[in-house]
Structures are given as structure tokens and as C-alpha cells.
Amino acid sequence: MLHTMDTAGQVLQLIMSGQASSRSEIGRLTGLSRTAVTARVNQLMAAGLVIEDTVSGSTGGRPAAHLAFNAGGGVVLAVSVGRSRAQVAVAGLDGSLLATEPVEASPEEGPGRVLPAVADRLRALLGETGRGDGDVRGVGVSVPGSVDTARSMMVSSIALPSWDDVELAPVLRPGGDVPVLVDKDVNVMAIAEQQGPHRDVRDLLMVKASTGIGVGIVSGGTLQRGGQSAAGELGHIPLRAETGVLCRCGQHDCLEAVAGGWAMVRTLRERGHDVAHVRDVVALALKGDPEALDLIRDSGRRVGEVLSTAVTLLNPEVVAIGGDLSGAYEPFVAGLRETVYQRSTALATRQLRIVASTFGEHQGLVGCAAMITQHITSPGAVDRALAARHDHHR
């Protein structure tokens, strides 16, 4: 009997986890009286978070009332901002993507131009899904840099410095005071990975290999952001061999300056190729271009060289590979496996699985949706929302 599970928010957790699907099961698990259970369930139903169906009993007796989480009781908005593109989505309260859309304006054009375009696309998507501002329960945002989660803004980005210290919530929040959560892109991608087949994996590294290179760290089942939310900057660890190459961060010999997407674009342009983005490099590789293939394999080796230290240090069960370079997964991961298994300890790699990320180009959007739905359905957030609802109706 779980006597501490006595608030409406905690009752919702029992229903969402499948531990309880009826009022009697809630009473048995929590020790709450029938009246108290009914009061909490009614609160959740009035807020659109729980639905109740009657299911006929097999013995022909009184129909049983079945309680379930109402994934359609509202929507959340997801915004994934990268260096060169932004994507938006409307998702159900279970995190499932209902509609997705790219945003035409490039984030490199600055937040003053891009944020209004993002807000417009979100509003249009809401309409396309038959929803309005009043249905939105929260917004999840990912950005390519370290974040001040309390203020919901990016505070340190090498990729998009013009976005630093810009408040995102006032522009992206629709009507009503709904929560807006912002986190680093690779952290959000790691959250997404926990929604798929690796749901039960407690130690995982999510590698984003794209224009830049980063890693999201899940250790002991918990996402690790670091003291200044700056954990995971894999691309700005210097390589052992001195390359003399200047990185965008101002240091020399960083992994990203040699193996990142922008470095490969620079190299291929110097060799006469018409490429502007790492996606162009991947497209060349998929057509069999030997120079692009060699660069991508070498990038994988270099990333594996640095990643091997994290594998030995953290002993993950799974390393998931995402980002634009994963579009050329086979050559990139062939190089990465080579150095990870050479340089990591034998024990750390004995049962290590290196896999493609689960949700492909929608990894960031799935993670944004999961991040905000986890927040708004947490016991504390549910109880605060119900209290505010009660005060509003008094």
C-alpha cells in the first residue's frame, strides 16, 4: 500500500503507468477512501487528463469502470532549432506527433526573423489538426547550445550566438500561461531515445553528428546536464594529434574542427565541390563520391577516438547515432566502431550496442514533445494546474 500516493497528480501517475485502471485499484494502492479516490479522479476527468469507460464483465455482472490517460485531452507544441533549419510539430499528450512542418526561415537569420515564423507555423499546424490555443498545455524547445533552464533561453551557443540570452517563451507561448521548456538539442535527442526500444536502458549516450558534434548523457536512468548545463560538448575536446586547425570556439585541434560537418564542407569546397551544408556531403557520399566517403569514414574514426573515453568512463549499454551524418550511417559508423573498440576497455565494450537513433529526422521533435509531456504530467505540475483551475473557477 502506497500511503504517500495521495494527490491527484500521483493518482494520474498510477493510471499512466498501468498500475491502476479502476477506482478500487487506486484505493487499494494508495489507502485513500472511496470518497477521496472519487474526488481525485473527478478532478482529473474535469481537467481532460483521464477518461472513464465502462467495460462489461465476463460474468454478466455490473459493468466495471475502466480509467485511462486521455492522450487526446490537449496538445503540446514542439520546436527544434538547429544551425541551419528549424522544425515544428503538434503532438498529443502521449508525445505522439500529430503534424510536423519545416520552417522556411533559417535560424542563422537570427531570432528576430525566425521566431515569428516559427510561431506562425505552429498556429497554422494547430488549425490543421483541428486545435486552437486553448488546447495547448505546453511547449518544448530544443536549441544548439547550453541553456538556462530556469529562464528558458540559450546562454552559450557557438553555432547561433545571436540567439544567446533571447527569451523564447513570450514568442512561442500561445494564449494562456502554459509552461515552455528549453534544452540543448542533443539532450532532447537523448530524451527521445528513451521513448523507443531503449526505454529500459539506464545508461546511454546519444551522439549528434552534424554541423557540430555533441553527446547527450543518460546515466543511471537520468539525463546528465552538468553544473552549468554544459555537459556533452564532445566536439570541443582537443584531439591527441595536433592539427593546427582553428575551431569556431576559438581553440585549436577540436574534434569538431576536423570531423564536424562544417569542417567537411570547408574541405570539399577547397577541392572544388559545390557543397554548402553537411547534408550535401552526405548526398555526395550516397552517390558514391570517394572523397565524401573518405571524409565521412575519417570523421567516424575521429569521433570514435574521443567517444572511446566516454565509453570507458561511463560504460553505456547503448550508443545511439543521430544527426545529419547518420544519413551516411554505414561509412560513418564503420569508422566510429573501429576506434571505439580499439581504444575503450574490453569490459566496457563487451555488451555495448552502437545503433542508429530511433526517430531519424524527427528525433528532436519527438524529444521536445516527450520533454514537455513528462513535465506537465508530473505529479507536482498536475497538482499545481488543478489548484490554479480551482482558483479560476471560484
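Me: Where is Thr 373 found?
Reply: Thr 373 sits in helix H13. Helices (H or I, at least four residues) and strands (E, at least two) are DSSP runs, numbered from the N terminus. The model is a predicted one, in which local features need pLDDT of at least 70 and side-chain atom pairs count only at pLDDT 80 or more, while totals for chains, interfaces and linings use all residues. Residues are numbered from 1 along each chain as its sequence is written, and side-chain values use heavy atoms, with hydrogens and water left out.

Me: Why is Thr 373 called buried?
Reply: Buried means under 20% relative accessible area, exposed over 50%, and partly exposed in between (1.4 Å probe, protein chains only). Thr 373 has 7% relative accessibility, so it counts as buried.

Me: Which residues does Thr 373 touch, not counting residues up to four places away in sequence?
Reply: They are Val 76, Gly 92, Leu 93 and Gly 95. Contact here means heavy atoms within 4.5 Å.

Me: What lies 3.1 Å from a polar atom of the side chain of Thr 373?
Reply: The backbone oxygen of Ala 370 does. A polar contact is a pair of N or O atoms within 3.5 Å; within protein, one must be able to donate a hydrogen and the other to accept it, and residues adjacent in sequence count only if both atoms are side-chain atoms.

Me: How do you know that the span of helix H13 agrees with its number of residues?
Reply: The expected span of a helix is 1.5 Å times one less than its number of residues. Helix H13 has 14 residues (363–376) and should span 20 Å; its end C-alpha atoms are 20 Å apart, so the two agree.

Me: What makes H13 mostly covered?
Reply: Of its 14 residues, 12 are buried. Among them are Gln 363, Leu 365, Cys 368, Met 371 and Ile 376.

Me: How many of the residues of helix H6 are buried?
Reply: Nine of its nine residues, 185–193, are buried, and H6 too is described as mostly covered. The buried residues of H6 include Asp 185, Asn 187, Met 189 and Glu 193.

Me: Why does Gln 87 count as buried?
Reply: Gln 87 lies in strand S4 (residues 86–92). Its relative accessibility is 14%, and therefore it counts as buried. A polar atom of the side chain of Gln 87 is 3.5 Å from the backbone oxygen of Glu 361. Leaving out residues up to four places away in sequence, Gln 87 also touches others, including Ser 80, Glu 101, His 362 and Leu 365.

Me: Why is Ile 26 called buried?
Reply: Ile 26 belongs to helix H2 (residues 23–30). At 0% relative accessibility, Ile 26 counts as buried. Beyond four places in sequence, the residues that Ile 26 touches include Val 11, Ile 15, Val 37 and Leu 67. Val 41 is another of the residues touched; the C-alpha atoms of Ile 26 and Val 41, 15 residues apart along the chain, are 9.5 Å from each other.

Me: What makes Val 37 buried?
Reply: Val 37, in helix H3 (residues 34–46), has a relative accessible area of 3%, so it is buried. Apart from neighbours within four places in sequence, Val 37 is in contact with Arg 23, Ile 26, Gly 27 and Leu 32.

Me: Why is Ala 150 called exposed?
Reply: Ala 150 is in the loop between strand S7 (146–148) and S8. Its relative accessible area is 72%, so Ala 150 is exposed.

Me: Why is Glu 128 called exposed?
Reply: Glu 128, in helix H4 (residues 111–128), has a relative accessible area of 56%, so it is exposed.

Me: Why does Asn 315 count as partly exposed?
Reply: Asn 315 lies in the loop between helix H10 (290–314) and strand S13 (318–322). At 42% relative accessibility, Asn 315 counts as partly exposed.

Me: What is the phi of Asn 315?
Reply: It is near 50°, a positive value in a residue other than glycine. Most residues other than glycine have a negative phi. Asp 165, not a glycine either, has a positive phi of about 65°.
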